[in-house]
Amino acid sequence: MEGSANERLDFGKMGLGASITEEDAEFVLPAATRSFLAAIVTTRPRMLRNPFDRHELVRHDVKQVICAVCDTEQPVAQVCTNCGVNMGEYFCEVCKFYDDDTTKGQFHCDDCGICRVGGRDKFFHCKKCGCCYSVGLRDNHSCVENSMRHHCPICYEYLFDSLKDTTVMVCGHTMHCECYNEMILLSNMLQVCKRYD
């Protein structure tokens, strides 16, 4: 690929490179005989109609990626070692996570062990609860050990890595905000522990 270093870094932004939403780069899985597109493995499995089509990617096991621009297999990095294209405006070396849309405010939480969205300055990690919460909940919530490492009691989606907003109830239990609001419309009693709000 020809052009200045800056042109190469911006080439493919939100289109090529390694945006997880545009199916641009491939992860090479060490125990697999084929490569999976990053977008299919990391974000689209939840949207697949057949749950058996879902692939689980252990991000920490990924050692190689393939640049979609020049087709070079290489160690995981933000910039292609061959053509110099920036494979993601946001890149987490720990999670092997690429994303071009930095408006989400991605950040890596070492304590959670995953990347989160919403901006580091708007969240804190509660050691007892074992999860990141909005700064408004700092010293303002009942701690329940590993409270986010279970499923929402209403929709049964796993809360720890859910992208939906969650709420911490007065009892310390957690659920999705939208599920909580729906439940309140139907009942004043909290279904998780039977305490009244």
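Y133 touches K122, F123, F124, C126, H141, S147, M148, V168 and T174, leaving aside residues up to four places away in sequence, where contact means heavy atoms within 4.5 Å. The model is predicted, so that local features need pLDDT of at least 70 and side-chain atom pairs count only at pLDDT 80 or more, while totals for chains, interfaces and linings use all residues. Residues are numbered from 1 along each chain as its sequence is written, and side-chain values use heavy atoms, with hydrogens and water left out.

Within the largest nonpolar core, which has 20 residues, Y133, M148 and M175 touch the most other members; such a core is a set of buried Ala, Val, Leu, Ile, Met, Phe, Trp, Tyr and Cys residues joined through side-chain atoms within 4.5 Å. Buried means under 20% relative accessible area and exposed over 50%, with partly exposed in between (1.4 Å probe, protein chains only). Two or more residues come from each of β7, β9, β10 and α3; helices (H or I, at least four residues) and strands (E, at least two) are DSSP runs, numbered from the N terminus.

| Element | Residues |
|---|---|
| β7 | 107–109 |
| β9 | 123–126 |
| β10 | 131–134 |
| α3 | 177–186 |

Strands β9 and β10 pair in the antiparallel sense over four bridges, pairing requiring that DSSP finds at least two bridges. C126 stands opposite C131 in β10, and in the hairpin, with four residues between the strands, G130 takes a positive phi near 75°.

In α3, C179, Y180 and M183 are buried. They cover an arc of only 100° around the axis, taken from the directions to the C-beta atoms, and therefore lie on the same side of α3. E182 and L185, on the other side, are exposed, whereas the buried residues pack against β11 and β12.
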